[in-house]
Amino acid sequence: MDIVVAEKSLFAEGEDGERTPITVTLGRPYKVADRTWSCPLRLKGVGTVSDGLGTDSWSALTVAIGVARQQLDGLVEKGQRLVCGDDDSELDLDDLFPQF
């Protein structure tokens, strides 16, 4: 990832109180082929995920954001609590990924 566009640090907290640090990082979308773009996505602490792919930079970016939400939703569904890395407050995914 050559240029970081956005980054968010948080923790996944298990029922036993153990915390796993997570860093969500989005890179700058780049053109792969004529109508194919990729947006780098890293979810350190979660595992390997695919980059966002789309027909242009916008769609690649929105796919990468969607994949990040999906992965974090999966942690919550498994009983993890997401905690803000800045102030230890519980993180609501609807605040992190607002719907307008």
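Good morning. I begin with threonine 20, which lies in strand β2. What we have here is a predicted model, so let me state the confidence before going further. The average pLDDT over the chain is 93, and 100% of the residues score at least 70. Confidence is highest in β4, at 97, and lowest in helix α2, residues 93–96, where the mean is 90.

Back to threonine 20. Apart from neighbours within four places in sequence, threonine 20 is in contact with Leu10, Phe11, Ala12 and Gly45. Glutamine 80 lies 60 residues away from threonine 20 along the chain, and the two C-alpha atoms are separated by 9.9 Å.

I turn now to the sheet. An open sheet is formed by 3 strands in the order β3-β4-β6, with antiparallel pairing. The edges are taken by β3, residues 30–33, and β6, residues 52–54; each has a single partner strand, so one side of each is left without a neighbour in the sheet. On average, neighbouring strands of this sheet are turned by 30° against each other, direction ignored.

Consider the two pairings in turn. Between β3 and β4 there are 3 bridges in the antiparallel sense, and a hairpin through 2 residues joins these strands. Here alanine 33 stands opposite threonine 36 in β4.

Setting aside neighbours within four places in sequence, the contacts of serine 38 include Tyr30 and Val32, Gly52 and Leu53, and Ala60.

Next, helix α1 itself. At 1.5 Å a residue, the 21 residues of α1 should span 30 Å; the end C-alpha atoms are 30 Å apart, which agrees. The buried residues of α1 are Ser59, Ala60, Ala64, Val67, Ala68, Arg69, Leu72 and Leu75. Just after the helix, glycine 79 takes a positive phi of about 95°.

In soluble globular proteins, nonpolar side chains tend to be buried together. In this model, the largest nonpolar core has 19 residues, and those with the most contacts inside it are Leu10, Ile22, Val24, Leu41, Leu72 and Leu82. Two or more residues are given to this core by each of β1 (4–13), β2 (19–27), β5 (41–44) and α1. Which element gives the most to this core? The answer is α1, with 6 residues.

Finally, what does leucine 72 touch, leaving aside its neighbours within four places in sequence? Leucine 72 is in contact with Leu10, Ile22, Val24, Leu82, Leu93, Leu96 and Phe97. Of these partners, Leu10, Ile22, Val24 and Leu82 are named, like leucine 72, among the core residues with the most contacts inside it. Thank you.

Note on methods. Residues are numbered from 1 along each chain as its sequence is written. This is a predicted model: local features need pLDDT of at least 70, side-chain atom pairs count only at pLDDT 80 or more; totals for chains, interfaces and linings use all residues. Side-chain values use heavy atoms; hydrogens and water are left out. Two strands pair if DSSP finds at least two bridges between them. Helices (H or I, at least four residues) and strands (E, at least two) are DSSP runs, numbered from the N terminus. Axes are lines fitted to C-alpha atoms, for helices over the stretch in contact, and angles run from 0 to 180 degrees between N-to-C directions. Contact means heavy atoms within 4.5 Å. pLDDT is the predictor's confidence in each residue, from 0 to 100. The expected span of a helix is 1.5 Å times one less than its number of residues. Buried means under 20% relative accessible area, exposed over 50%, partly exposed in between (1.4 Å probe, protein chains only). A nonpolar core is a set of buried Ala, Val, Leu, Ile, Met, Phe, Trp, Tyr and Cys residues joined through side-chain atoms within 4.5 Å.
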